[in-house]
Amino acid sequence: MAWIYLAIAGVLEIVWAFSMKQSEGFSKLGPSLVTLVAMTASFALLSLSMKSLPLGTAYTIWTGIGAVGAFLVGIVVLGEQANAMRITAALLIVGGLVLMKISSPA
């Protein structure tokens, strides 16, 4: 279950990052509320996953899912730049996440 909690927490990190951008500095109520709810749920699920996963593994994977997911949402939804260097950086993060998962005892 810990890995499922962690995956959902990572997806919620993407949600809160995107909604924070949409909130325009917390000046829009709807996106601001989505940010706060998604952030709280993300932290809660991360905390649950850490009951059985090592800190380094859980935190690294959580932030990695959020970073790569936010990067992809930025490109696909917000029209941000997708150049070779940025894509390579995202692929390196994904490679690190895979290695972290493979090396985890839980």
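**View 1. Ser42, a buried residue of helix α2.** With a relative accessibility of 0%, Ser42 counts as buried. The residue belongs to helix α2 of a predicted model. Leaving aside residues up to four places away in sequence, Ser42 touches Ala9, Leu12, Glu13, Trp16 and Trp62. One of these partners, Trp62, lies in helix α3 and returns in the views that follow.

**View 2. Packing of helices α2 and α3.** Two packed helices are described by the angle between their axes and by the distance between those axes. Helix α2 spans residues 29-49 and helix α3 spans residues 55-76; their axes are 10 Å apart and meet at an angle of about 150°. Angles over 145 degrees count as roughly antiparallel, and α2 and α3 are therefore roughly antiparallel to each other. The crossing of α2 past α3 is right-handed. On the α2 side, the contact is made by Ser42, Phe43, Leu46 and Ser49, and on the α3 side by Ala58, Tyr59 and Trp62. Sorted by class, this contact of α2 with α3 comprises five nonpolar residues, two polar residues and no charged ones.

**View 3. The aromatic pair Phe43–Trp62.** Two aromatic pairs are found in a search of the whole structure. In the pair of Phe43 and Trp62, the ring centres are 5.5 Å apart and the planes stand at 45°, so the pair is tilted. Distant parts of the chain are linked by this pair, as Phe43 is in helix α2 and Trp62 in helix α3, 19 residues apart. Phe43 is partly exposed, at a relative accessible area of 44%, whereas Trp62 is buried, at 3%.

**View 4. The aromatic pair Tyr59–Trp62.** Tyr59 and Trp62 also form a tilted aromatic pair, with 5.6 Å from centre to centre and 45° between the planes. Both residues are in helix α3, and because they are three residues apart, about one helical turn separates them. A relative accessible area of 43% makes Tyr59 partly exposed.

View 5. Which residues do the ring pairs link into a cluster? The members are Phe43, Tyr59 and Trp62. Each of these residues also takes part in the contact between α2 and α3, Phe43 from α2 and Tyr59 and Trp62 from α3.

Definitions and conventions: Residues are numbered from 1 along each chain as its sequence is written. This is a predicted model: local features need pLDDT of at least 70, side-chain atom pairs count only at pLDDT 80 or more; totals for chains, interfaces and linings use all residues. Side-chain values use heavy atoms; hydrogens and water are left out. Axes are lines fitted to C-alpha atoms, for helices over the stretch in contact, and angles run from 0 to 180 degrees between N-to-C directions. Helices (H or I, at least four residues) and strands (E, at least two) are DSSP runs, numbered from the N terminus. Angles under 35 degrees count as roughly parallel, over 145 as roughly antiparallel, 65 to 115 as roughly perpendicular and the rest as oblique. A crossing is left-handed if the near helix is turned anticlockwise from the far one by less than a right angle, and right-handed if clockwise. Contact means heavy atoms within 4.5 Å. Ala, Val, Leu, Ile, Met, Phe, Trp, Tyr, Cys and Pro count as nonpolar, Asp, Glu, Lys and Arg as charged, and the others, Gly among them, as polar. Rings of Phe, Tyr and Trp (its six-membered ring) pair if their centres lie within 6.5 Å; planes under 30 degrees apart count as stacked, over 60 as edge-to-face and the rest as tilted. Buried means under 20% relative accessible area, exposed over 50%, partly exposed in between (1.4 Å probe, protein chains only).
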